[in-house]
Amino acid sequence: MVKFSSIFLLFTLLAWNSTAQVTVGIQGGGNLSTMDFANNVEYKYIEVKYTKGFIGGIVLQFISEKHTGIQAEFNFSQRGWVEMDTTSGNNLKYKNKMNYVEFPILTHVNIGGGKFRGLFNLGPYIGYALNRSYTETDVNTGSTTSFDYTFDKDLDNRIDFGLLVGFGFEYRSSFGKFATEARYSIGLGDIDKDKANQSEVSQYRILGVLVRYSIPLNGKSTKSKTDQQ
């Protein structure tokens with residue numbers, strides 16, 4: 001978290017006296033997340049589904065070229081997955097929920113000219129799990145039990161990392177930039193240290209939709225630089 005705050009400050013100081021456009025904003029939206037249990041024999045007969053969650057945070061853009069720049073984010077992200085266990089006569093539903101702080105550092109591209117533009121974001125992210133819980137439901141009886149999960153440093157990886165790609169649109173006005181974006185995140189880490197073999201991994205797959213509002217941080221209009229070229 002300290003490193004990410006330092007990156008925000010560094011971008012601001014570098015751009016303050018430069019010709020670059022710097023904007024700061026907020027964003028929020030929803031996640032659809034699931035877990036990919038690759039080569040995990042334990043999940044061979046279990047159906048894994050998506051679950052919904054919230055994502056939102058702070059965004060800083062550093063636009064130094066005509067259509068490209070860097071977008072840094074500091075987000076709170078609710079993730080999880082649903083497991084349907086129908087093995088051995090069971091009919092159980094397990095809903096797993098994990099809350100993360102995540103830090104994407106993205107290459108930002110705006111497409112076209114004028115006030116209405118397309119946008120494209122691509123880059124890595126790193127996240128840290130704050131907490132985890134799960135709910136067990138017997139589908140036959142409807143009975144539900146909730147549990148808080150205690151992380152074990154020998155069994156759990158609380159750090160997650162991966163790649164993120166996003167597409168969307170933005171509208172530039174005298175009041176700032178309004179944007180909407182759909183994105184897909186591929187987890188490359190492994191949340192589980194306890195495994196039967198080295199090829200077994202547990203990785204997130206996340207679909208997200210965000211809306212964003214940002215304003216100039218260094219006094220330069222959001223319509224300057226690229227609108228005139």
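Tutor: Strands here are DSSP runs of E with at least two residues, numbered from the N terminus. This is a predicted model, in which local features need pLDDT of at least 70, side-chain atom pairs count only at pLDDT 80 or more, and totals for chains, interfaces and linings use all residues. Residues are numbered from 1 along each chain as its sequence is written, and side-chain values use heavy atoms, with hydrogens and water left out.

Student: Why does Ile26 count as exposed?

Tutor: Ile26, which lies in strand 1 (residues 21-38), has 58% relative accessibility and therefore counts as exposed, the term meaning over 50% relative accessible area with a 1.4 Å probe and protein chains only.

Student: Why does Arg79 count as buried?

Tutor: Buried means under 20% relative accessible area, and Arg79, in strand 4 (residues 68-85), is at 3%, so Arg79 counts as buried.

Student: What joins the side chains of Arg79 and Asp160?

Tutor: A polar contact of 2.7 Å joins them, the term requiring a pair of N or O atoms within 3.5 Å, one able to donate a hydrogen and the other to accept it.

Student: Which residues form the positive surface patch?

Tutor: Lys49, Lys52, Lys93, Lys95 and Lys97 form the positive patch, and its largest share, three residues, comes from strand 5 (residues 92-111). Lys52, by contrast, has its place in strand 3 (residues 51-63), and at 71% relative accessibility Lys52 counts as exposed.

Notes: Patches are made of residues with over 30% relative accessible area and no salt bridge: like charges are joined within 9 Å, nonpolar side chains (Val, Leu, Ile, Met, Phe, Trp, Tyr) within 5 Å. Accessible areas come from the Shrake-Rupley method with a 1.4 Å probe; for residues, only the protein chains shown count as cover. A salt bridge is a side-chain nitrogen of Lys or Arg within 4 Å of a carboxyl oxygen of Asp or Glu. Lys and Arg count as positive and Asp and Glu as negative; His and the chain ends are not counted. The place of a charge is taken as NZ of Lys, CZ of Arg, CG of Asp or CD of Glu. Helices (H or I, at least four residues) and strands (E, at least two) are DSSP runs, numbered from the N terminus.
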